[in-house]
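User: Hi! Could you walk me through this one? I'd like to start with what holds the inside together.

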Amino acid sequence: MAVEWTEHRFSGGVLALDLANTVVLRCDSERSFDRFENPDEIARFAEAASIFRADELAGRQISAVDPEAVHTSVVSLREAVDRLFRHSVLNQSMRADDVATMLSACATGMAGSKETVTAEQPFGNPKTPMRIETALSVSALSLLAQPIRERIRICANCAWLFLDRSRNGSRVWCDMAVCGNRQKAKRHYRLRKAQPGRVSS
């Protein structure tokens, strides 16, 4: 079954966190779902990311010409990113072994690339497509900077990782229109159910 790569699927705020969030309900083993179970979805993710992450990519297109060939490296990077930054959010620290694992995954993603990147153009020359595994690695490495890392949160509804860009750093939902509204609806239901003397319909 094909995945619908809507804007909500890119609620992480940066490409590397969107990657981590391709496992849905990660913390619920019975309902968890891997959107990359079919390697072809990596190519569709790349196509959608080129649109929804256009600002981060500075307009550069990313591509996965052979999604099956990069499936292992992309999934390895995804798991390394989630493990490192989820622990960082929960414990306000990073485990050295997790950092090493992510750096190793990034090295694999960048191996063989002829890209030249700069501080002004972290994703390189926008005139040609960039390999998805390289783009994901660049994005993941950017999260190691302390000011960015300290803005990473875990959504209170779906447990996705997201970058909190609010002025006071107080966001609790990855997407207010989806997760925020779902939690508000649940809270409203619980309050109504708890009202004394209320007859259920």
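**The core and beyond**

Analyst: Happy to! The largest nonpolar core has 41 residues, and I62, L77, M102 and I132 have the most contacts inside it. Such a core is a set of buried Ala, Val, Leu, Ile, Met, Phe, Trp, Tyr and Cys residues joined through side-chain atoms within 4.5 Å; buried means under 20% relative accessible area, exposed over 50%, and partly exposed in between (1.4 Å probe, protein chains only).

User: Which elements give two or more residues to this core?

Analyst: Those are α1 (15-20), α2 (40-52), α3 (67-91), α4 (96-110), α5 (132-142) and β6 (161-163). The most comes from α3, with eight residues. Helices (H or I, at least four residues) and strands (E, at least two) are DSSP runs, numbered from the N terminus.

User: And what is L77 in contact with?

Analyst: Leaving aside neighbours within four places in sequence, L77 is in contact with L19, M102, A105, C106, L136, S137 and A140. Contact here means heavy atoms within 4.5 Å. There is also a second, separate core of seven residues, which includes F162, W173, C174 and C179.

User: Before I go on, what kind of model is this?

Analyst: This is a predicted model, where local features need pLDDT of at least 70 and side-chain atom pairs count only at pLDDT 80 or more, while totals for chains, interfaces and linings use all residues. Residues are numbered from 1 along each chain as its sequence is written, and side-chain values use heavy atoms, with hydrogens and water left out.

User: Where does R149 lie, and what is it in contact with?

Analyst: R149 lies in helix α6 (residues 146-149). Beyond neighbours within four places in sequence, R149 is in contact with F85, S88, M94, L143 and L144.

User: What about S166?

Analyst: S166 lies in the loop between β6 and α7 (176-193). Its side chain makes a polar contact with the side chain of D164 (2.6 Å), and the S166 side chain also reaches the backbone nitrogen of G169 at 3.1 Å. A polar contact is a pair of N or O atoms within 3.5 Å; within protein, one must be able to donate a hydrogen and the other to accept it, and residues adjacent in sequence count only if both atoms are side-chain atoms.
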